[in-house]
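Biologist: I am new to this structure. Could you take me through it step by step?
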Amino acid sequence: MLSEFTPDQTVDDRRRPTYYDLPLLKAPHWEWNVVTYLFLGGIMGGLGLIQLLADGRKESERTLKRDARITAFALAAANPAILITHLGRPERFLNMMRIVKFKSPMSLGVWGLVLYSGAAGANMVRELALEGVLPRWLRFIAPGFLTPMQALLGAFTAGYTGVLLSATANPFWGSGKRHIPTASVASGLASACALSSLLCAIEGNTEPLHKLERLEMAAGATELLALVDFRRASGEYGKPFFEGARGKKLRDTTMIAGTLVPMALNLLGSIIKLPKPVDAVRVAVASILTLTGGYVLRESLIEAGKDSARDPRAAFRQPT
Amino acid sequence: MATGFFTDTTLCIGCKACEVACKQWNELPSDGFSFTGNSYDNTSELSGTTWRHVAFIEQTTATEDGVENRWLMSSDVCKHCTNAGCLEACPTGAIIRNEFDSVFIQPDICNGCGYCVVSCPFGVVDLIAKFDPDGSHYNVASLMEERREERQTALQNNGGVAGKCTLCYDRQTLGFTPACAKACPTESIQFGDVEELRERARKRAVTLAGRGVDAQLYGVDDVGGGVGPLNAFFLLTDRPEAYNLPAAPVLPSTRQPAGYTAAALTALGLAVAGWMIFRNA
């Protein structure tokens with residue numbers, strides 16, 4: 001005899017909101033290498049602005065300009081290598097060189113990176129020629145227009161990394177279609193200022209420090225405002241980013257230690273004249289904190305994107 | 001000619017012949033077995049090596065006359081969107097629209113960046129995991145013996161590249177019906193000229209409505225969000241979410257203008273701030 005099946009009358013299966021809670025979307029396959037790529041891309045972009053702003057006629061800013069250009073090229077050269085560790089084989093990078101696709105932020109970004117490398121490379125050669133490291137006639141390799149060009153391409157490489165994430169089907173990233181690009185640009189510039197300040201402090205070139213620090217404060221404040229407004233605007237979609245252990249890490253490492261603390265330290269530096277060695281420590285601490293915050297921001301964005309992809313409810317109703 | 005699939009889920013009997021035929025024809029390895037407990041669905045999702053997936057939905061509903069049971073089955077597949085997120089995102093041009101209007105990945109050009117994976121609003125395309133001779137991810141023994149070594153090498157070479165339904169491009173060039181549609185014993189999966197199929201789907205929905213079936217078409221017309229109509233569309237008898245289909249998908253590239261504008265304005269603002277800071281003092 002069959003035992004009679006009595007279903008739970010309180011559950012209406014037709015109102016089940018998901019398919020066994022299985023994810024609708026696929027999570028990004030992006031690990032530390034992509035995080036590093038986005039992070040370095042931001043710094044590289046920010047250095048483009050710094051090398052434009054630094055006044056070559058002043059001795060102290062000459063050094064800043066030179067350092068910014070050398071660092072920018074080093075990062076531009078490192079980034080394809082980092083991307084290749086993600087792609088698996090070097091020749092796979094070249095597959096992106098066969099077309100230019102305006103609809104694809106990744107395609108445009110790679111071309112931005114390549115053009116940036118060219119401009120940064122020529123500008124670096126110019127610096128090294130002026131320094132006498134390379135033959136002096138090589139300084140003509142970089143015509144003047146390459147200086148604003150590097151800044152423009154830099155803004156693009158820092159900004160596209162944000163668009164790359166936000167213009168996807170990922171609900172969390174999509175909810176930040178304005179905020180993620182804004183935070184990427186601002187954080188990239190703040191990190192570039194931090195790196196430049198760090199190099200200045202190491203070289204004992206303290207004169208441009210206060211300018212770099214003020215620019216870093218402006219960028220840091222923009223980043224912070226973008227993140228605070230992002231939290232409000234993203235609502236439910238932003239939970240994987242702003243809540244739980246990841247939200248705490250973002251708040252503590254990026255927003256407080258990576259933005260507010262360096263801002264306070266920079267403010268301190270402009271108010272009180274500290275003795276030189278103490279001041280160098282202050283600059284170093286502020287810079288390292290900003291850089292760490294910038295890395296954690298990118299890491300949190302990627303990891304929160306993975307969690308968001310695993311939530312079918314978010315994917316059914318995409319943010320507009 | 002634009003071709004596509006019309007998957008009429010009211011005819012699906014959940015035999016999974018489509019899944020098997022697809023794996024066999026496309027020489028896709030088994031992804032291993034895991035027991036999910038989700039009705040008869042142990043496949044769970046489409047992936048780089050699973051291009052048809054049959055969903056099983058068991059529903060028990062209390063009604064005034066007692067208890068009503070129904071069992072929904074639906075064979076999911078790449079939608080071959082009119083405006084495909086994966087195709088737009090692909091930085092290498094590996095993803096193209098072929099002469100049958102299908103979205104096709106050229107595996108020798110794909111570089112495994114994974115950008116298509118996050119750009120598909122339907123969660124279809126995925127990277128094929130690298131074949132690991134010592135690992136157990138793929139059951140290569142599931143492949144035909146004579147071709148095993150060749151396929152193993154192909155998996156190794158293509159390891160990390162994206163994979164999804166090709167709408168049996170190779171079969172179509174020979175004038176054959178795609179493997180899944182060919183194998184389907186109930187004609188739940190219908191293949192043909194996409195406009196003709198759309199007409200057929202609309203008629204079928206009307207017929208079913210006449211019989212009191214709550215039939216909904218998914219993808220016959222624009223699904224919204226800029227995605228447009230789908231070349232592989234469905235007739236469903238429940239909300240799309242019940243089948244793990246998005247009710248409101250969004251084409252990722254529609255988010256680009258806002259993103260580029262925000263980035264440009266931020267960069268401009270900070271550049272002006274920087275200019276003022278560096279000009280003074």
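Biologist: How far apart do the C-alpha centres of domain 1 of chain B and domain 2 of chain B lie?
Modeller: They lie 43 Å apart. Domain 1 covers 3-250 and domain 2 covers 253-281 of chain B; such bounds come from an automatic or database domain assignment. Please note that this is a predicted model, in which local features need pLDDT of at least 70, side-chain atom pairs count only at pLDDT 80 or more, and totals for chains, interfaces and linings use all residues. Residues are numbered from 1 along each chain as its sequence is written, while chains are lettered from A and ligands numbered from 1 in the order in which they are written.

Biologist: How many residues of chain A are in contact with chain B?
Modeller: 63 residues of chain A are in contact with 61 residues of chain B, where contact means C-beta atoms, placed from the backbone, within 7 Å.

Biologist: Which helix gives the most to that side of chain A?
Modeller: α8(A) does, with six residues. Helices here are DSSP runs (H or I, at least four residues), numbered from the N terminus. By class, that side of chain A has 32 nonpolar, 16 polar and 15 charged residues. Ala, Val, Leu, Ile, Met, Phe, Trp, Tyr, Cys and Pro count as nonpolar, Asp, Glu, Lys and Arg as charged, and the others, Gly among them, as polar.

Biologist: At what angle do α8(A) and α10(A) pack?
Modeller: The angle is about 150°, and their axes are 9 Å apart. Axes are lines fitted to C-alpha atoms, for helices over the stretch in contact, and angles run from 0 to 180 degrees between N-to-C directions. Among the residues that meet are Glu213(A) and Met217(A) in α8(A), and Met255(A) and Pro262(A) in α10(A). This contact of α8(A) with α10(A) has six nonpolar, six polar and three charged residues.

Biologist: Where does α10(A) bend?
Modeller: Helix α10 of chain A, residues 244-271, bends by about 35° at Ile256(A). The bend is the angle between axes fitted to the seven residues ending there and the seven starting there.

Biologist: Which residues of α10(A) are buried?
Modeller: They include Leu250(A), Met255(A), Gly258(A) and Asn266(A); buried means 20 or more other C-beta atoms within 10 Å of the residue's own, with C-beta atoms placed from the backbone. The cover over the buried residues of α10(A) includes α8, α9 and α11 of chain A.

Biologist: Changing topic, how do α5(A) and α7(A) cross?
Modeller: Their axes come within 8 Å and cross at roughly 145°. The contact of α5(A) with α7(A) has eight nonpolar, six polar and no charged residues.

Technical notes. Helix = DSSP H or I, 4+ residues; strand = E, 2+ residues; numbered from the N terminus. Buried ≥ 20, exposed ≤ 12 C-beta atoms within 10 Å, placed from the backbone. Contact = placed C-beta atoms within 7 Å.
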